[in-house]
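Subject: Structure for you to look through, with notes

Dear colleague,

As promised, I am passing on the structure so that you can look at it yourself before reading my remarks. My notes follow below it, and I would be glad if you would go through them with the structure open.

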Amino acid sequence: MIRLENVSLRYHQGPEVLRNINLDIPQGAFRFLTGPSGAGKTSLLKLIFLAHAPSQGRVYLMGHDTAAQSRKTRALMRRYIGVVFQDFRLIDHLTVYENITLPLRIAGHKQSNWHENAVELLNWVGLGERLDALPETLSGGEQQRAAIARAVITRPRIIIADEPTGNVDPEIGERLLRLLIELNKMGTTIVIATHDRQLWENFDFPRLHLDKGQIELVSHMAVDKESGPVL
Amino acid sequence: MSRPTKITILPPESLAGPALSAVTMVMTFLACLALGCSLLADRAADRWLQRATSALSVQIVETGTLSAEEQLPNVLRELRAAPGVESFRVLTRDDLIALLEPWLGTGNIGEDMPLPLLIEVTPDPDNPPATQALSAQIRAIAPGARLDTHGRWRETLESTANALQLFAALVLTMVTLATAMVILFATRAGLLANEEIIHVLHQIGAQDGYISRRFEAHFIGRTALAAAIGLAAALVFFYTLGGLVAEARSGGFLILLLPMPVAAIALSWQVTRRYVLRRLRTQI
(Lines give C-alpha, C1' and ligand atoms only; values in the text may rest on other atoms or scores of the structure.)
Protein backbone atom coordinates (compact mmCIF):
# COMPACT_ATOMS: atom_id res chain seq x y z
CA MET A 1 0.00 0.00 0.00
CA ILE A 2 2.85 2.36 0.97
CA ARG A 3 6.34 1.67 -0.35
CA LEU A 4 9.38 3.92 -0.20
CA GLU A 5 12.50 2.94 -2.11
CA ASN A 6 15.82 4.59 -1.26
CA VAL A 7 14.03 7.80 -0.39
CA SER A 8 15.95 10.86 0.69
CA LEU A 9 14.58 14.30 1.36
CA ARG A 10 16.17 17.66 1.75
CA TYR A 11 14.45 21.04 1.73
CA HIS A 12 16.02 23.31 -0.88
CA GLN A 13 19.79 23.27 -0.31
CA GLY A 14 19.54 22.25 3.36
CA PRO A 15 20.80 19.07 4.96
CA GLU A 16 19.15 15.72 4.35
CA VAL A 17 16.13 15.32 6.60
CA LEU A 18 15.56 11.74 5.51
CA ARG A 19 18.34 9.51 4.25
CA ASN A 20 17.92 6.45 2.06
CA ILE A 21 14.66 5.29 3.61
CA ASN A 22 13.24 1.93 2.56
CA LEU A 23 9.81 1.16 3.84
CA ASP A 24 6.97 -1.14 2.90
CA ILE A 25 3.66 -0.91 4.69
CA PRO A 26 1.16 -3.43 3.33
CA GLN A 27 -2.53 -2.85 2.87
CA GLY A 28 -4.44 -3.03 6.12
CA ALA A 29 -1.37 -2.51 8.30
CA PHE A 30 -1.31 -0.32 11.40
CA ARG A 31 1.97 1.40 12.24
CA PHE A 32 3.10 3.83 14.86
CA LEU A 33 5.87 6.17 13.80
CA THR A 34 7.99 7.42 16.66
CA GLY A 35 11.17 9.35 17.07
CA PRO A 36 12.57 12.41 18.76
CA SER A 37 11.59 15.91 17.70
CA GLY A 38 13.32 16.86 14.47
CA ALA A 39 13.87 13.23 13.49
CA GLY A 40 11.87 13.71 10.29
CA LYS A 41 8.55 12.12 11.24
CA THR A 42 6.43 14.90 9.76
CA SER A 43 8.64 14.98 6.66
CA LEU A 44 8.17 11.26 6.17
CA LEU A 45 4.42 11.63 6.55
CA LYS A 46 4.43 14.50 4.03
CA LEU A 47 6.02 12.20 1.48
CA ILE A 48 3.34 9.63 2.11
CA PHE A 49 0.44 12.03 1.88
CA LEU A 50 1.92 13.65 -1.24
CA ALA A 51 2.61 17.07 0.22
CA HIS A 52 6.25 16.77 -0.82
CA ALA A 53 8.23 14.93 -3.42
CA PRO A 54 11.41 13.11 -2.39
CA SER A 55 14.77 14.55 -3.42
CA GLN A 56 15.81 11.01 -4.32
CA GLY A 57 14.13 7.63 -4.54
CA ARG A 58 10.60 6.51 -5.24
CA VAL A 59 7.34 6.64 -3.33
CA TYR A 60 4.70 4.09 -4.30
CA LEU A 61 1.14 4.46 -3.08
CA MET A 62 -1.61 1.96 -3.77
CA GLY A 63 0.71 0.33 -6.28
CA HIS A 64 1.46 3.50 -8.24
CA ASP A 65 4.74 5.32 -8.57
CA THR A 66 3.65 8.76 -7.42
CA ALA A 67 6.34 10.57 -9.43
CA ALA A 68 4.98 9.05 -12.63
CA GLN A 69 1.46 10.37 -12.04
CA SER A 70 -0.01 13.55 -13.45
CA ARG A 71 -1.02 16.38 -11.11
CA LYS A 72 -4.63 15.44 -11.70
CA THR A 73 -4.04 11.83 -10.75
CA ARG A 74 -2.06 12.82 -7.68
CA ALA A 75 -4.99 15.00 -6.60
CA LEU A 76 -7.31 12.02 -7.07
CA MET A 77 -4.89 9.80 -5.10
CA ARG A 78 -5.05 12.27 -2.20
CA ARG A 79 -8.77 11.59 -1.96
CA TYR A 80 -7.84 8.09 -0.81
CA ILE A 81 -5.56 9.43 1.90
CA GLY A 82 -7.04 10.90 5.05
CA VAL A 83 -4.68 13.20 6.90
CA VAL A 84 -4.91 14.42 10.48
CA PHE A 85 -2.53 17.35 10.78
CA GLN A 86 -0.66 18.14 13.94
CA ASP A 87 -2.09 21.68 13.82
CA PHE A 88 -5.55 20.46 12.67
CA ARG A 89 -5.79 22.90 9.77
CA LEU A 90 -9.49 23.46 10.03
CA ILE A 91 -10.73 26.34 7.92
CA ASP A 92 -11.53 29.17 10.30
CA HIS A 93 -14.58 30.68 8.66
CA LEU A 94 -16.32 27.36 8.01
CA THR A 95 -18.43 25.61 10.62
CA VAL A 96 -17.50 22.21 12.00
CA TYR A 97 -20.07 20.59 9.72
CA GLU A 98 -18.73 22.43 6.66
CA ASN A 99 -15.14 21.60 7.56
CA ILE A 100 -15.62 17.91 7.97
CA THR A 101 -17.80 17.54 4.87
CA LEU A 102 -15.37 19.47 2.67
CA PRO A 103 -13.68 16.33 1.25
CA LEU A 104 -17.10 15.00 0.19
CA ARG A 105 -18.01 18.29 -1.49
CA ILE A 106 -14.67 18.38 -3.31
CA ALA A 107 -15.17 14.81 -4.48
CA GLY A 108 -18.48 15.97 -5.94
CA HIS A 109 -20.76 13.74 -3.88
CA LYS A 110 -24.36 14.87 -3.41
CA GLN A 111 -25.17 16.28 -0.01
CA SER A 112 -28.32 14.18 0.24
CA ASN A 113 -26.14 11.06 0.02
CA TRP A 114 -23.81 11.92 2.89
CA HIS A 115 -25.58 14.33 5.20
CA GLU A 116 -26.85 11.69 7.65
CA ASN A 117 -23.52 9.86 7.75
CA ALA A 118 -21.71 13.13 8.42
CA VAL A 119 -23.99 13.98 11.33
CA GLU A 120 -23.60 10.44 12.65
CA LEU A 121 -19.82 10.69 12.48
CA LEU A 122 -19.86 14.04 14.25
CA ASN A 123 -22.05 12.55 16.97
CA TRP A 124 -19.62 9.67 17.25
CA VAL A 125 -16.63 11.94 17.81
CA GLY A 126 -18.64 13.95 20.32
CA LEU A 127 -19.25 17.01 18.18
CA GLY A 128 -22.92 16.39 17.45
CA GLU A 129 -23.88 19.49 19.39
CA ARG A 130 -21.24 21.66 17.75
CA LEU A 131 -22.15 21.31 14.07
CA ASP A 132 -22.51 25.05 13.56
CA ALA A 133 -19.60 26.10 15.74
CA LEU A 134 -16.60 27.80 14.20
CA PRO A 135 -13.21 26.17 14.87
CA GLU A 136 -12.00 29.09 16.98
CA THR A 137 -14.79 28.43 19.47
CA LEU A 138 -13.74 24.79 19.90
CA SER A 139 -11.32 23.50 22.48
CA GLY A 140 -8.07 21.93 21.28
CA GLY A 141 -9.51 18.47 21.77
CA GLU A 142 -12.67 19.33 19.85
CA GLN A 143 -10.62 20.75 17.00
CA GLN A 144 -8.59 17.58 16.88
CA ARG A 145 -11.73 15.46 16.78
CA ALA A 146 -13.08 17.59 13.98
CA ALA A 147 -9.79 17.14 12.11
CA ILE A 148 -10.00 13.37 12.57
CA ALA A 149 -13.62 13.35 11.42
CA ARG A 150 -12.59 15.25 8.28
CA ALA A 151 -9.82 12.74 7.61
CA VAL A 152 -12.01 9.66 7.92
CA ILE A 153 -15.29 10.89 6.42
CA THR A 154 -14.48 9.64 2.93
CA ARG A 155 -13.40 6.24 4.30
CA PRO A 156 -9.95 6.59 2.80
CA ARG A 157 -7.65 3.66 2.07
CA ILE A 158 -4.82 5.24 4.02
CA ILE A 159 -5.03 7.39 7.13
CA ILE A 160 -2.01 9.41 8.16
CA ALA A 161 -2.14 11.09 11.54
CA ASP A 162 0.48 13.40 12.98
CA GLU A 163 0.20 13.40 16.78
CA PRO A 164 -3.57 12.83 16.69
CA THR A 165 -3.94 12.49 20.45
CA GLY A 166 -1.57 15.27 21.41
CA ASN A 167 -4.26 17.68 22.61
CA VAL A 168 -6.94 15.39 23.93
CA ASP A 169 -7.42 13.80 27.30
CA PRO A 170 -6.50 10.11 27.55
CA GLU A 171 -10.10 8.93 27.41
CA ILE A 172 -10.85 10.80 24.18
CA GLY A 173 -7.45 9.78 22.84
CA GLU A 174 -8.22 6.14 23.39
CA ARG A 175 -11.67 6.55 21.88
CA LEU A 176 -10.16 8.09 18.74
CA LEU A 177 -7.61 5.30 18.56
CA ARG A 178 -10.45 2.79 18.73
CA LEU A 179 -12.12 4.58 15.80
CA LEU A 180 -8.91 4.26 13.81
CA ILE A 181 -8.61 0.60 14.81
CA GLU A 182 -12.16 -0.02 13.61
CA LEU A 183 -11.28 1.58 10.28
CA ASN A 184 -8.11 -0.51 10.19
CA LYS A 185 -10.19 -3.66 10.68
CA MET A 186 -12.14 -2.68 7.57
CA GLY A 187 -8.87 -2.65 5.63
CA THR A 188 -7.69 0.94 6.03
CA THR A 189 -3.94 1.33 6.34
CA ILE A 190 -3.07 3.52 9.31
CA VAL A 191 0.17 5.36 10.09
CA ILE A 192 0.27 7.40 13.28
CA ALA A 193 3.20 9.59 14.26
CA THR A 194 3.22 10.03 18.00
CA HIS A 195 5.31 10.95 21.02
CA ASP A 196 2.79 9.30 23.31
CA ARG A 197 4.60 6.30 24.80
CA GLN A 198 1.42 5.17 26.54
CA LEU A 199 -0.33 5.03 23.22
CA TRP A 200 2.06 2.65 21.52
CA GLU A 201 2.44 0.59 24.66
CA ASN A 202 -1.33 0.20 25.12
CA PHE A 203 -1.93 -0.79 21.53
CA ASP A 204 0.13 -3.64 20.24
CA PHE A 205 1.01 -2.49 16.75
CA PRO A 206 4.41 -2.40 14.99
CA ARG A 207 6.40 0.74 15.70
CA LEU A 208 8.71 2.40 13.23
CA HIS A 209 11.35 4.48 14.89
CA LEU A 210 12.92 7.36 13.01
CA ASP A 211 16.10 8.96 14.18
CA LYS A 212 18.69 11.10 12.43
CA GLY A 213 16.95 10.65 9.13
CA GLN A 214 16.97 6.85 9.25
CA ILE A 215 14.26 4.38 10.12
CA GLU A 216 14.17 1.10 12.01
CA LEU A 217 11.59 -1.28 13.37
CA VAL A 218 11.96 -1.35 17.12
CA SER A 219 8.99 -3.28 18.41
CA HIS A 220 6.46 -5.90 17.53
CA MET A 221 7.68 -8.93 15.68
CA ALA A 222 4.59 -9.48 13.61
CA VAL A 223 6.23 -7.99 10.60
CA ASP A 224 4.45 -8.63 7.37
CA LYS A 225 6.21 -11.73 6.18
CA GLU A 226 5.14 -11.51 2.56
CA SER A 227 6.89 -8.19 2.19
CA GLY A 228 10.35 -9.58 2.89
CA PRO A 229 12.88 -7.44 4.75
CA VAL A 230 10.59 -4.60 5.43
CA LEU A 231 10.00 -2.26 8.29
CA MET B 1 -31.70 19.18 9.69
CA SER B 2 -31.26 21.07 6.43
CA ARG B 3 -27.83 22.52 5.69
CA PRO B 4 -26.64 24.97 3.04
CA THR B 5 -25.59 23.10 -0.08
CA LYS B 6 -23.01 25.64 -1.17
CA ILE B 7 -20.31 27.06 1.00
CA THR B 8 -17.88 29.90 0.41
CA ILE B 9 -14.51 28.24 0.80
CA LEU B 10 -12.40 31.35 0.31
CA PRO B 11 -13.42 34.08 2.77
CA PRO B 12 -14.41 37.14 0.71
CA GLU B 13 -12.62 39.46 3.14
CA SER B 14 -9.34 37.73 2.29
CA LEU B 15 -9.70 38.69 -1.36
CA ALA B 16 -9.54 42.11 -2.97
CA GLY B 17 -12.73 44.06 -2.51
CA PRO B 18 -13.66 47.73 -2.90
CA ALA B 19 -10.29 48.87 -4.26
CA LEU B 20 -10.38 46.35 -7.10
CA SER B 21 -14.01 47.21 -7.82
CA ALA B 22 -13.24 50.93 -7.94
CA VAL B 23 -10.33 50.43 -10.34
CA THR B 24 -12.32 48.08 -12.57
CA MET B 25 -15.21 50.54 -12.61
CA VAL B 26 -12.99 53.45 -13.65
CA MET B 27 -11.18 51.35 -16.25
CA THR B 28 -14.45 50.16 -17.78
CA PHE B 29 -15.69 53.75 -17.86
CA LEU B 30 -12.48 54.89 -19.60
CA ALA B 31 -12.63 52.00 -22.05
CA CYS B 32 -16.25 52.87 -22.91
CA LEU B 33 -15.23 56.50 -23.30
CA ALA B 34 -12.34 55.65 -25.61
CA LEU B 35 -14.46 53.31 -27.69
CA GLY B 36 -17.43 55.68 -27.80
CA CYS B 37 -15.42 58.75 -28.74
CA SER B 38 -13.56 56.78 -31.38
CA LEU B 39 -16.85 55.55 -32.85
CA LEU B 40 -18.38 59.02 -32.87
CA ALA B 41 -15.29 60.55 -34.45
CA ASP B 42 -15.12 57.76 -37.00
CA ARG B 43 -18.73 58.22 -37.98
CA ALA B 44 -18.38 62.00 -38.19
CA ALA B 45 -15.28 61.58 -40.38
CA ASP B 46 -17.20 59.15 -42.57
CA ARG B 47 -19.98 61.66 -43.04
CA TRP B 48 -17.56 64.49 -43.80
CA LEU B 49 -15.66 62.32 -46.22
CA GLN B 50 -18.86 61.32 -47.93
CA ARG B 51 -19.77 64.97 -48.33
CA ALA B 52 -16.30 65.84 -49.51
CA THR B 53 -16.19 63.08 -52.09
CA SER B 54 -19.73 63.80 -53.25
CA ALA B 55 -18.82 67.37 -54.14
CA LEU B 56 -16.60 68.37 -57.05
CA SER B 57 -15.99 71.84 -58.36
CA VAL B 58 -14.52 73.37 -61.46
CA GLN B 59 -12.71 76.65 -61.13
CA ILE B 60 -12.05 78.75 -64.27
CA VAL B 61 -9.55 81.60 -64.30
CA GLU B 62 -8.51 83.77 -67.21
CA THR B 63 -5.43 82.82 -69.16
CA GLY B 64 -3.21 85.11 -71.18
CA THR B 65 -5.48 84.77 -74.20
CA LEU B 66 -8.86 83.67 -72.88
CA SER B 67 -11.11 85.12 -70.25
CA ALA B 68 -12.95 82.85 -67.82
CA GLU B 69 -16.29 83.65 -69.49
CA GLU B 70 -14.89 82.61 -72.89
CA GLN B 71 -13.84 79.21 -71.53
CA LEU B 72 -17.17 78.58 -69.70
CA PRO B 73 -19.28 77.22 -72.67
CA ASN B 74 -16.67 74.57 -73.47
CA VAL B 75 -16.49 73.44 -69.86
CA LEU B 76 -20.30 73.26 -69.53
CA ARG B 77 -20.50 71.24 -72.74
CA GLU B 78 -17.92 68.82 -71.43
CA LEU B 79 -19.72 68.46 -68.12
CA ARG B 80 -23.02 67.78 -69.84
CA ALA B 81 -21.44 65.03 -71.89
CA ALA B 82 -19.35 63.51 -69.10
CA PRO B 83 -20.63 60.20 -67.71
CA GLY B 84 -21.17 60.17 -63.94
CA VAL B 85 -22.08 63.84 -63.62
CA GLU B 86 -25.58 64.13 -62.19
CA SER B 87 -25.90 67.91 -62.21
CA PHE B 88 -23.89 71.11 -62.05
CA ARG B 89 -24.47 74.74 -61.25
CA VAL B 90 -22.48 77.88 -62.07
CA LEU B 91 -22.12 79.93 -58.89
CA THR B 92 -23.13 83.55 -59.18
CA ARG B 93 -20.83 86.41 -58.11
CA ASP B 94 -23.01 86.79 -54.98
CA ASP B 95 -22.48 83.11 -54.17
CA LEU B 96 -18.72 83.58 -54.51
CA ILE B 97 -18.73 86.67 -52.31
CA ALA B 98 -20.70 84.75 -49.66
CA LEU B 99 -18.04 82.01 -49.76
CA LEU B 100 -15.17 84.48 -49.45
CA GLU B 101 -16.63 86.80 -46.84
CA PRO B 102 -15.76 84.60 -43.84
CA TRP B 103 -12.07 85.07 -44.78
CA LEU B 104 -11.98 88.56 -46.26
CA GLY B 105 -14.67 90.20 -44.17
CA THR B 106 -18.07 91.61 -45.09
CA GLY B 107 -17.98 94.47 -47.55
CA ASN B 108 -14.31 94.07 -48.36
CA ILE B 109 -14.87 92.54 -51.77
CA GLY B 110 -15.23 95.32 -54.26
CA GLU B 111 -16.96 95.28 -57.65
CA ASP B 112 -13.62 95.48 -59.39
CA MET B 113 -12.06 92.52 -57.59
CA PRO B 114 -11.48 89.71 -60.12
CA LEU B 115 -13.13 86.47 -59.08
CA PRO B 116 -12.84 83.13 -60.85
CA LEU B 117 -15.85 81.31 -62.22
CA LEU B 118 -16.85 78.41 -60.05
CA ILE B 119 -19.04 75.47 -61.09
CA GLU B 120 -20.44 73.17 -58.42
CA VAL B 121 -20.62 69.62 -59.80
CA THR B 122 -22.76 66.91 -58.23
CA PRO B 123 -21.56 63.47 -59.25
CA ASP B 124 -23.85 60.46 -59.64
CA PRO B 125 -23.40 58.68 -56.26
CA ASP B 126 -23.89 55.26 -57.86
CA ASN B 127 -21.66 55.90 -60.79
CA PRO B 128 -19.22 58.71 -60.01
CA PRO B 129 -17.09 60.14 -62.83
CA ALA B 130 -13.47 59.18 -63.40
CA THR B 131 -12.06 62.39 -61.98
CA GLN B 132 -8.59 62.10 -63.53
CA ALA B 133 -9.97 61.64 -67.05
CA LEU B 134 -12.55 64.37 -66.56
CA SER B 135 -9.88 66.73 -65.26
CA ALA B 136 -7.67 66.07 -68.31
CA GLN B 137 -10.58 66.60 -70.73
CA ILE B 138 -11.56 69.90 -69.11
CA ARG B 139 -7.95 71.06 -69.17
CA ALA B 140 -7.73 70.20 -72.87
CA ILE B 141 -10.71 72.33 -73.85
CA ALA B 142 -10.26 75.13 -71.30
CA PRO B 143 -6.64 75.78 -70.23
CA GLY B 144 -7.75 78.03 -67.35
CA ALA B 145 -10.13 75.41 -65.87
CA ARG B 146 -9.23 73.07 -63.04
CA LEU B 147 -11.31 70.23 -61.56
CA ASP B 148 -11.05 70.22 -57.77
CA THR B 149 -11.78 66.89 -56.10
CA HIS B 150 -10.93 68.21 -52.60
CA GLY B 151 -8.29 65.48 -52.36
CA ARG B 152 -6.05 67.31 -49.89
CA TRP B 153 -8.95 68.05 -47.56
CA ARG B 154 -10.07 64.42 -47.79
CA GLU B 155 -6.57 63.13 -47.06
CA THR B 156 -6.30 65.38 -44.01
CA LEU B 157 -9.67 64.20 -42.76
CA GLU B 158 -8.76 60.57 -43.36
CA SER B 159 -5.46 60.86 -41.54
CA THR B 160 -7.17 62.66 -38.63
CA ALA B 161 -9.78 59.92 -38.41
CA ASN B 162 -7.03 57.27 -38.52
CA ALA B 163 -5.07 59.08 -35.81
CA LEU B 164 -8.18 59.19 -33.62
CA GLN B 165 -8.73 55.48 -34.12
CA LEU B 166 -5.11 54.74 -33.27
CA PHE B 167 -5.38 56.88 -30.16
CA ALA B 168 -8.54 55.06 -29.07
CA ALA B 169 -6.87 51.69 -29.70
CA LEU B 170 -3.89 52.82 -27.64
CA VAL B 171 -6.12 53.94 -24.77
CA LEU B 172 -8.04 50.64 -24.91
CA THR B 173 -4.77 48.70 -24.87
CA MET B 174 -3.43 50.67 -21.92
CA VAL B 175 -6.70 50.31 -20.02
CA THR B 176 -6.74 46.57 -20.72
CA LEU B 177 -3.15 46.16 -19.56
CA ALA B 178 -3.71 48.24 -16.43
CA THR B 179 -6.86 46.30 -15.55
CA ALA B 180 -5.10 42.98 -16.15
CA MET B 181 -2.24 44.06 -13.89
CA VAL B 182 -4.60 45.13 -11.11
CA ILE B 183 -6.50 41.84 -11.28
CA LEU B 184 -3.20 39.95 -11.39
CA PHE B 185 -1.92 41.65 -8.23
CA ALA B 186 -5.26 41.13 -6.50
CA THR B 187 -5.19 37.44 -7.42
CA ARG B 188 -1.63 37.10 -6.19
CA ALA B 189 -2.55 38.73 -2.89
CA GLY B 190 -5.57 36.43 -2.65
CA LEU B 191 -3.41 33.37 -3.21
CA LEU B 192 -0.98 34.45 -0.52
CA ALA B 193 -3.73 35.28 1.95
CA ASN B 194 -5.35 31.88 1.40
CA GLU B 195 -2.20 29.79 1.23
CA GLU B 196 -3.18 27.62 4.15
CA ILE B 197 -6.69 26.97 2.88
CA ILE B 198 -5.28 26.07 -0.53
CA HIS B 199 -2.91 23.64 1.13
CA VAL B 200 -5.79 21.98 2.96
CA LEU B 201 -7.88 21.85 -0.21
CA HIS B 202 -5.01 20.22 -2.09
CA GLN B 203 -4.50 17.76 0.71
CA ILE B 204 -8.10 16.61 0.73
CA GLY B 205 -8.04 15.98 -2.99
CA ALA B 206 -9.03 19.26 -4.66
CA GLN B 207 -7.71 19.60 -8.17
CA ASP B 208 -6.17 22.82 -9.44
CA GLY B 209 -9.27 23.62 -11.49
CA TYR B 210 -11.49 23.34 -8.41
CA ILE B 211 -9.34 25.78 -6.47
CA SER B 212 -9.01 28.11 -9.44
CA ARG B 213 -12.78 28.24 -9.86
CA ARG B 214 -13.15 29.57 -6.29
CA PHE B 215 -10.94 32.54 -7.24
CA GLU B 216 -12.55 32.97 -10.65
CA ALA B 217 -16.03 33.10 -9.13
CA HIS B 218 -14.98 35.83 -6.71
CA PHE B 219 -13.18 38.02 -9.23
CA ILE B 220 -15.79 37.57 -11.98
CA GLY B 221 -18.52 38.60 -9.54
CA ARG B 222 -16.59 41.68 -8.48
CA THR B 223 -15.67 42.63 -12.04
CA ALA B 224 -19.22 42.15 -13.34
CA LEU B 225 -20.66 44.52 -10.76
CA ALA B 226 -17.92 47.14 -11.16
CA ALA B 227 -17.99 46.93 -14.98
CA ALA B 228 -21.78 47.33 -14.99
CA ILE B 229 -21.43 50.52 -12.93
CA GLY B 230 -18.63 51.74 -15.23
CA LEU B 231 -20.85 51.12 -18.26
CA ALA B 232 -23.79 52.88 -16.64
CA ALA B 233 -21.57 55.91 -15.95
CA ALA B 234 -20.41 55.91 -19.58
CA LEU B 235 -24.02 55.68 -20.83
CA VAL B 236 -24.93 58.69 -18.68
CA PHE B 237 -21.90 60.55 -20.06
CA PHE B 238 -22.81 59.88 -23.69
CA TYR B 239 -26.47 60.61 -23.08
CA THR B 240 -25.45 63.98 -21.67
CA LEU B 241 -23.09 64.48 -24.59
CA GLY B 242 -26.08 63.88 -26.84
CA GLY B 243 -26.94 67.54 -26.31
CA LEU B 244 -23.92 68.33 -28.47
CA VAL B 245 -23.66 65.24 -30.66
CA ALA B 246 -27.12 63.85 -31.32
CA GLU B 247 -25.77 60.47 -32.37
CA ALA B 248 -24.35 59.88 -28.86
CA ARG B 249 -27.92 59.32 -27.67
CA SER B 250 -28.92 56.81 -30.34
CA GLY B 251 -29.63 53.27 -29.27
CA GLY B 252 -27.55 51.94 -32.13
CA PHE B 253 -24.51 53.76 -30.78
CA LEU B 254 -25.03 53.01 -27.07
CA ILE B 255 -25.47 49.30 -27.73
CA LEU B 256 -21.97 49.21 -29.19
CA LEU B 257 -20.58 49.95 -25.71
CA LEU B 258 -22.09 46.79 -24.22
CA PRO B 259 -19.13 44.54 -25.18
CA MET B 260 -16.88 46.56 -22.86
CA PRO B 261 -18.11 45.10 -19.53
CA VAL B 262 -18.29 41.67 -21.17
CA ALA B 263 -14.65 42.11 -22.21
CA ALA B 264 -13.77 43.19 -18.65
CA ILE B 265 -15.38 40.05 -17.23
CA ALA B 266 -13.61 37.85 -19.79
CA LEU B 267 -10.32 39.57 -18.98
CA SER B 268 -10.82 39.08 -15.24
CA TRP B 269 -11.70 35.43 -15.73
CA GLN B 270 -8.72 34.65 -17.94
CA VAL B 271 -6.16 36.58 -15.90
CA THR B 272 -7.34 34.97 -12.65
CA ARG B 273 -7.57 31.47 -14.08
CA ARG B 274 -4.20 31.51 -15.84
CA TYR B 275 -2.38 33.02 -12.89
CA VAL B 276 -3.90 30.72 -10.27
CA LEU B 277 -3.29 27.60 -12.35
CA ARG B 278 0.28 28.67 -13.08
CA ARG B 279 1.00 29.26 -9.40
CA LEU B 280 -0.66 26.03 -8.31
CA ARG B 281 1.43 24.07 -10.79
CA THR B 282 4.56 25.15 -8.94
CA GLN B 283 3.32 23.15 -5.97
CA ILE B 284 3.55 19.36 -5.86
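In chain B, four strands form an open sheet in the order E2-E3-E1-E4, with antiparallel pairing; please keep in mind here and throughout that this is a predicted model. Strand E2 (85-90) and strand E4 (145-148) of chain B stand at the edges, and because each has a single partner strand, one side of each is left without a neighbour in the sheet. On average, and with direction ignored, neighbouring strands of this sheet are turned by 20° against each other.

Which residues of H2(B) are buried? They are Ala68(B), Gln71(B), Val75(B) and Leu79(B), and the spacing can be read with a general rule in mind. An α-helix has 3.6 residues a turn, so residues three or four places apart point the same way. The buried residues of H2(B) pack against E1, E2, E3 and E4 of chain B and also against helix H4 (131-141) of that chain.

On the division of chain B, there is a domain 1 (13-49 + 158-281) and a domain 2 (56-149), and the C-alpha centres of domain 1 of chain B and domain 2 of chain B lie 54 Å apart.

Another part of chain B takes us towards chain A. In helix H6 (residues 195-203) of chain B, the buried residues are Ile197(B), Ile198(B), Val200(B), Leu201(B), His202(B) and Gln203(B). The buried residues of H6(B) pack against helix H2 (71-78), strand E6 (81-84) and helix H3 (96-106) of chain A, together with helix H7 (208-241) of chain B. Just after H6(B), Gly205(B) takes a positive phi of about 100°.

Turning to chain A, its secondary structure comes to seven helices and 10 strands. With 231 residues, a compact globule would have a radius of gyration near 17 Å, and chain A has 17 Å, which agrees; its C-alpha atoms fill a box of roughly 45 × 40 × 35 Å along the principal axes. Of the 231 residues of chain A, 42% count as buried, and among contacts in this chain between residues at least 6 apart in sequence, 67% join residues at least 24 apart.

Chain A has an open sheet of four strands in the order E2-E1-E4-E5, with antiparallel pairing, and its edge strands are strand E2 (16-25) and strand E5 (64-65) of chain A, each pairing on one side only. Strand E4 (residues 56-61) of chain A is joined to E5(A) by two bridges, the two running antiparallel, and Leu61(A) has His64(A) in E5(A) as its bridge partner. Helix H1 (residues 41-48) of chain A lies across strand E1 (2-10), E2 and E4 of chain A, running at about 125° to E1(A).

Finally, there are some loop residues of chain A that I would ask you to view individually. Leu50(A), in the loop between H1 and E4 of chain A, has a phi near 65°, a positive value in a residue other than glycine; Leu50(A) is buried, with 21 other C-beta atoms within 10 Å. Arg89(A), in the loop between E6 and H3 of chain A, has a positive phi near 55° and is likewise a residue other than glycine, but with 19 C-beta neighbours inside 10 Å Arg89(A) counts as partly exposed. Arg157(A) is placed in the loop between helix H5 (140-152) and strand E7 (158-162) of chain A, and is partly exposed, with 18 other C-beta atoms within 10 Å. Leaving aside its neighbours within four places in sequence, Arg157(A) is in contact with Met62(A), Tyr80(A), Thr188(A) and Thr189(A).

Note on methods. Residues numbered from 1 in each chain as written. Chains lettered and ligands numbered in written order. Predicted model: local features only at pLDDT ≥ 70, side-chain atom pairs only at ≥ 80, totals over all residues. Domains from an automatic or database assignment. Pairing = 2+ DSSP bridges. Axes fitted to C-alpha atoms, helices over the stretch in contact; angles between N-to-C directions. Contact = placed C-beta atoms within 7 Å. Buried ≥ 20, exposed ≤ 12 C-beta atoms within 10 Å, placed from the backbone. Rg over C-alpha atoms; globule rule 2.2 N^0.38 Å.
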